[in-house]
Amino acid sequence: MGREDSHYRPDGVDGRRFGGSGSGGVYGNARAVPPGGGHPDPGPNHPYSAVPGTNHPYSAVPGPGVGQPYGERAGAAAGGVYGTRAERSPQLDPPTRPVAGRPAASGTAVGPRPGPPAPPPARRRRVLPFAVLATVLLLVLAGVGVFVARPGPVAGWLGEDEPKPTATATPPEPDPEAVLAGLDPNAPEPTPDGVRAALAPLVGQPELGSRVNVSVADVATGTSLYAKGADAPTVPASVTKLVTAVTVLEARGPGYRIPTRAVAGAAPGEVVIVGGGDPTLAVDGKGFYPGAARLDDLARQVKAALGGTAPTKVTVDATLFPGPRVAAGWDGDIPTGGFGARISALMTDGARSEPDKARRTFEETNHAAERTAEPDLFAGRAFARLLGLPGSAVGTGRAPAAPASPAAGAPAPGTELGKVQSLPVIRLVDIMISDSDNVIAEALARQVALARKQPASFVGAGRAMDVVAGELGLPADELDLADGSGLSRNNRISPSLLTDLLTIAGNGRHPELGAIFGGLPVAAWSGTLNERYQVAATKAGAGVVRAKTGTLTGVHAIAGLVTTADGRLLTFAVLTDQAPADSMDGTRQALDRITSALAVCGCR
């Protein structure tokens with residue numbers, strides 16, 4: 001499987017040895033900073049480090065404060081650099097649908113969409129004039145602290161060692177250079193005929209296979225510009241994470257933090273650790289994810305709360321997530337193949353068994369890492385060690401109910417002894433999208449379930465995401481999810497739902513959803529698009545395409561935004577689920593030709 005999805009594996013990455021260099025992709029996406037600003041210091045040599053001088057792709061620009069960008073390295077070869085880049089996240093207007101369809105100019109083959117009933121009046125929104133659209137666009141980005149710019153001379157941050165202190169002052173960095181095209185408020189709108197002329201010759205490329213479904217829309221007007229199988233549910237692979245991101249941001253809110261608690265057990269000295277579903281929980285300061293909640297902090301709280309009572313036993317309560325730990329439609333080796341894991345309400349470091357090694361080998365293993373077979377017990381044993389107990393003192397069970405009132409003396413069963421909380425959801429979403437982190441995706445999907453009073457299982461999460469999609473006015477009948485990561489081959493999403501989703505995320509009516517744009521990879525620059533858009537036929541898309549990608553064997557997808565040659569912003573989704581299994585590079589280039597054609601044409 002590939003680092004972004006499931007079961008494509010680059011040469012040398014087999015889920016066991018994790019050898020080989022893989023694709024070497026690195027990340028340069030802006031980080032959306034939560035309200036209150038600043039970012040924790042996870043320490044050097046960390047995949048998401050905010051410390052200069054690291055040798056890992058998640059080193060960010062140093063310096064605390066509100067709105068501090070999380071710009072990451074872009075360029076795996078020859079001196080890739082860390083930095084920020086000026087970015088515009090779209091302020092999109094949702095499509096309005098005549099008879100449940102999208103408006104389309106005359107002369108196009110795009111007609112009304114059959115099926116879903118006409119939207120309720122609450123979904124009707126006036127179309128913003130394009131000049132207003134561009135202005136509001138910038139305001140949304142400023143509100144979430146997203147800024148993307150080309151890096152200055154920061155190659156020293158990429159050295160093997162921390163920079164040595166010097167007596168001379170470090171010269172200031174030059175102002176960053178913008179890399180993403182700005183919006184032209186007077187840009188002419190493409191016509192459906194023009195878009196069809198540009199794309200029709202490309203959607204039949206043999207590398208795409210026998211089933212290619214496409215949706216393209218104008219983000220200012222909501223007009224459908226091209227539709228080929230646009231409403232057909234298609235296997236989406238990792239593009240599923242866009243749905244997970246939008247639904248968790250809507251259901252939980254960007255500032256929500258996932259708790260991990262410890263309560264007093266029924267026996268004296270018994271400590272019950274209650275998993276809340278935080279996949280980034282660390283044992284100590286050497287965890288995989290920066291700024292994550294830590295078990296050593298929780299252990300200190302527990303010891304203080306117990307006073308003179310010595311801990312005697314640790315009980316692991318991971319019952320918040322019921323049902324199977326692997327999803328229907330997952331290939332058999334996903335839990336152990338390095339890119340997925342058995343999903344539990346209690347785990348540390350995304351179930352990585354050696355987080356320190358995972359940090360050090362992040363690039364050479366193409367992000368693969370060995371995962372533990374029992375994430376909850378693995379975390380429980382680590383917690384027991386912090387309390388001075390052996391692994392044999394760890395068992396599973398349920399936490400007692402909280403007492404009605406505090407008791408004198410030793411804590412009564414169910415009394416909270418301590419609590420730590422995850423990074424805000426907005427940060428988890430950003431990591432999930434930029435790194436296509438499958439374990440975080442599954443944990444966030446379950447948060448949607450919990451928020452909508454559904455069981456926090458694969459099935460419950462799928463139902464809850466469907467409910468939230470419907471609440472947002474998306475055509476929920478074009479969505480059927482077996483998981484939140486896209487690893488399942490049972491997932492189905494239509495291209496038109498994805499273009500609608502991207503529109504709703506940026507139209508200003510739901511500002512909390514704009515956070516999804518900060519993590520979207522930039523063509524030929526960052527994330528899973530870092531090494532794409534490099535050949536002559538696709539270079540037009542470099543820097544002007546931002547998209548989430550998806551790959552399973554025989555399945556390829558891309559969905560995002562593109563600025564046309566005239567400066568018009570479009571949203572697109574291209575999904576193919578019957579591609580040749582042995583043509584991964586060719587299929588990706590074929591997808592990139594389609595989006596590059598939108599970038600290079602005025603399509604009028």
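Q: Which strand does T315 lie in?
A: This is a predicted model, and in it T315 belongs to strand β5, which covers residues 313-317.

Q: Is T315 buried or exposed?
A: Residues under 20% relative accessible area count as buried. T315 comes out at 4%, so it is buried.

Q: Which side chain does T315 join in a polar contact?
A: That would be E270: the two side chains are linked by a polar contact of 2.6 Å. Setting aside neighbours within four places in sequence, T315 also has V271, V272, I273, G395, T396 and G397 among its contacts.

Q: Which residues touch the most other members of the largest nonpolar core?
A: In soluble globular proteins, nonpolar side chains tend to be buried together. Here the largest core has 59 residues, and the ones touching the most other members are L242, V243, V429, I433, L498, L501 and I516. Several elements each supply at least two residues of this core, including helices α3 and α7 and strands β11 and β12. Domain 1 and domain 2 each give it at least three residues. As for V429, its contacts beyond four places in sequence are A245, V248, L249 and L444.

Q: What is the order of the strands in the open sheet of five?
A: Read it as β2-β1-β12-β11-β10, with antiparallel pairing. β2 (224-228) and β10 (545-552) are the edge strands, each pairing on one side only. From one strand to the next, the twist averages 5°.

Q: How many bridges do β10 and β11 pair over?
A: Eight, in the antiparallel sense. For T551, the bridge partner in β11 is H556.

Q: Which helix lies across β1, β10, β11 and β12?
A: Look for α11, residues 584-600, which runs at about 20° to β11.

Notes: Residues are numbered from 1 along each chain as its sequence is written. This is a predicted model: local features need pLDDT of at least 70, side-chain atom pairs count only at pLDDT 80 or more; totals for chains, interfaces and linings use all residues. Side-chain values use heavy atoms; hydrogens and water are left out. Helices (H or I, at least four residues) and strands (E, at least two) are DSSP runs, numbered from the N terminus. Buried means under 20% relative accessible area, exposed over 50%, partly exposed in between (1.4 Å probe, protein chains only). A polar contact is a pair of N or O atoms within 3.5 Å; within protein, one must be able to donate a hydrogen and the other to accept it, and residues adjacent in sequence count only if both atoms are side-chain atoms. Contact means heavy atoms within 4.5 Å. A nonpolar core is a set of buried Ala, Val, Leu, Ile, Met, Phe, Trp, Tyr and Cys residues joined through side-chain atoms within 4.5 Å. Domain bounds come from an automatic or database domain assignment. Two strands pair if DSSP finds at least two bridges between them. Axes are lines fitted to C-alpha atoms, for helices over the stretch in contact, and angles run from 0 to 180 degrees between N-to-C directions.
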